[in-house]
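Please look over the sequence and the model below, and then follow the paragraphs with the structure in view.

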Amino acid sequence: MDLDVSDKVASVVSGTLALAGALVAVRRHTRSRRGWWAALRPVWRREEDAGIVHPHRFGGYVKPLSEVYVPRRAVPRLAPSGDGVDVADLLTGTGDVLLIGEPGSGKTALVRYESARSARRWLAGRGRRRRCPAGPVLVSLPAAALVHRPLPAALAEAYPGEGAPLDVERPPAPGRRWLVCVDALDAVTDPDERAVVLNRLAELARPPGPAGTPRPWRLLVTTRHLAEDELAVLGDGYPAYHLAHFTDADVALLAARWFPDGATARRFLDWTHAQRITGPVHNPLTATIAVLVWEGGQAGASPQPGPEALLDEFVRALLRGGRDSLDDACAALRHRPDGGEAVAAWLGARHTDLVEVAATAAVAGGDPVAAVVDWSAAHAPVPPATVLPDWPAHVRQILLATDLFRADRHALASVWPSLVEYLAAGPLARDWRPDEWVTLMNTRSTRFVALQAISRAAVAPAFLRERLAEPDGAIAAGHLLAGRAGAGEAGTPSFRADVLAALLTHWADGAHGPTGRDGARECFALLMTLAAGRADRDLLHDIAADPRRPGGVRRAAALFFAVRKRNARRP
């Protein structure tokens with residue numbers, strides 16, 4: 001009997017120990033399973049917080065980006081038609097993607113919005129796999145971060161984490177991959193640094209060998225238009241898409257989400273018609289600026305309707321909003337001897353000049369604060385730094401107050417590159433020089449400054465017709481068409497057809513481009529970019545069939561479509 005009881009007790013004890021061991025194992029497994037979620041939670045909190053602030057501000061509260069964002073579509077670069085795909089589908093696909101957009105097309109806003117949206121969905125899942133969202137874990141990185149370090153190291157620096165830094169060499173969650181959004185490739189203006197970044201991206205897109213381990217990430221790279229040789233470096237690993245413009249329905253949706261009621265939204269849309277900006281507001285940045293100007297009570301301030309007047313008023317409003325910082329610097333100068341009063345009088349009349357100098361430096365990849373300090377030393381009655389020891393700190397604050405620049409680790413960076421380029425274009429717009437404009441247009445880092453300059457100077461592009469016979473003139477005109485879409489005379493079918501014919505001619509002739517570049521390749525790249533639009537594609541078909549055109553031009557047009565079709569079918 002005692003032996004029987006002893007056996008029963010031993011059985012109960014062993015069963016209890018086994019159950020306890022199983023519970024400990026389950027708990028350890030659960031902790032291990034959810035450890036990835038705890039590690040990534042700070043990353044998602046950061047991305048979620050970034051999404052609740054709209055990147056564009058205008059002297060006050062602006063609705064969160066998540067509330068006013070309009071979903072975007074993209075068109076395959078080599079698509080035979082203008083049909084597009086939802087950008088959200090590109091985020092959840094299987095391969096790497098290159099997303100190309102014109103200035104102000106919303107590339108950075110897209111990355112911020114999608115990163116915040118993904119973060120909110122992952123946080124809502126609380127680490128339970130059945131509740132986790134479908135698709136990858138999004139993280140973002142400026143392309144400039146890849147100049148000096150490879151992708152894993154750059155992301156580890158960008159996401160240091162509370163414990164260990166971000167490790168993209170391992171999957172982020174069971175059965176999931178990273179989606180690394182590399183933003184603003186075009187912002188890397190130095191040719192050597194740009195080559196480094198392009199080569200890093202090309203290497204990352206190469207598939208592993210037969211025995212290689214599949215990489216745990218995909219890449220989405222955003223940029224303005226790239227030259228054909230740069231696209232060739234990236235190769236077939238990056239299917240390219242053009243970020244589509246807003247449609248009329250998109251603009252109406254933006255207004256409906258931004259304004260408190262339908263009547264206010266309709267009044268805003270009526271105002272865009274009265275201001276003759278219904279076409280320009282298809283650019284998301286211009287649409288946002290129009291909303292902010294109208295909402296801020298500046299709608300009647302522009303003496304003449306049109307997109308240039310709208311942008312000019314917006315920039316003036318930003319400078320007015322940041323004027324207090326300039327006045328504070330002037331007050332500090334007046335209390336200093338040895339020329340402080342004279343420097344304050346000089347500075348008080350040069351707020352716009354100061355910001356233009358900073359903008360020019362930012363476009364060239366320089367330090368805006370250092371550029372302003374050097375400029376003021378060269379032109380002020382007395383170098384301000386000799387009067388005011390903390391003059392660079394005052395300059396920094398003046399620039400930050402304009403809302404055009406933000407504090408970066410090493411120097412100030414542009415918040416709105418398009419607006420900074422607008423300011424950098426001021427001197428050329430006031431003192432128009434066609435030869436200088438063509439040079440700027442054919443230089444990658446200053447091309448969009450040239451686009452802003454020709455708009456601000458209100459110069460008709462007719463002066464380019466006589467330059468189409470030379471590769472540099474035709475290439476400059478091609479970039480003008482790509483950058484201004486349907487604006488002014490550049491949008492007329494006759495001018496566009498002449499430019500397309502010139503590009504075809506120089507491509508077929510194997511011409512040399514500006515500064516010894518491969519002009520034929522650049523002409524082909526422009527033709528590919530322009531052919532993404534249905535109107536220019538139709539013009540190219542007309543050129544191929546027009547008996548009034550020289551035979552060489554018609555043959556070049558036919559050959560172009562054959563090459564385009566062949567490239568579209570490449571895997």
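Ser115 touches Glu47, Leu138 and Ser140, where touching means heavy atoms within 4.5 Å and residues up to four places away in sequence are not counted. Ser115 lies in helix H4, residues 107-125, a helix being a DSSP run (H or I) of at least four residues, numbered from the N terminus. With a relative accessible area of 1%, Ser115 is buried, a word that applies under 20% relative accessible area with a 1.4 Å probe and protein chains only.

This is a predicted model, in which local features need pLDDT of at least 70 and side-chain atom pairs count only at pLDDT 80 or more, whereas totals for chains, interfaces and linings use all residues. Residues are numbered from 1 along each chain as its sequence is written, and side-chain values use heavy atoms, with hydrogens and water left out.

Further along, helix H12 (residues 323-334) packs with helix H17 (residues 391-401) at an angle of about 160°, their axes lying 8 Å apart. That makes H12 roughly antiparallel to H17, the term for angles over 145 degrees. In this contact Ser325, Leu326, Ala329 and Ala332 of H12 meet Trp391, His394, Gln397, Ile398 and Ala401 of H17. These residues divide into 6 nonpolar, 3 polar and no charged.

Helix H13 (residues 340-348) has as its buried residues Gly340, Val343, Ala344, Trp346 and Leu347. Seen down the axis of H13, these fall within an arc of 165°, so they line one face of the helix, the arc being that of the directions from the helix axis to the C-beta atoms. The buried residues of H13 pack against several helices, including H12 and H17.

Notes
Axes are lines fitted to C-alpha atoms, for helices over the stretch in contact, and angles run from 0 to 180 degrees between N-to-C directions. Helices (H or I, at least four residues) and strands (E, at least two) are DSSP runs, numbered from the N terminus. Angles under 35 degrees count as roughly parallel, over 145 as roughly antiparallel, 65 to 115 as roughly perpendicular and the rest as oblique. Ala, Val, Leu, Ile, Met, Phe, Trp, Tyr, Cys and Pro count as nonpolar, Asp, Glu, Lys and Arg as charged, and the others, Gly among them, as polar. Buried means under 20% relative accessible area, exposed over 50%, partly exposed in between (1.4 Å probe, protein chains only).
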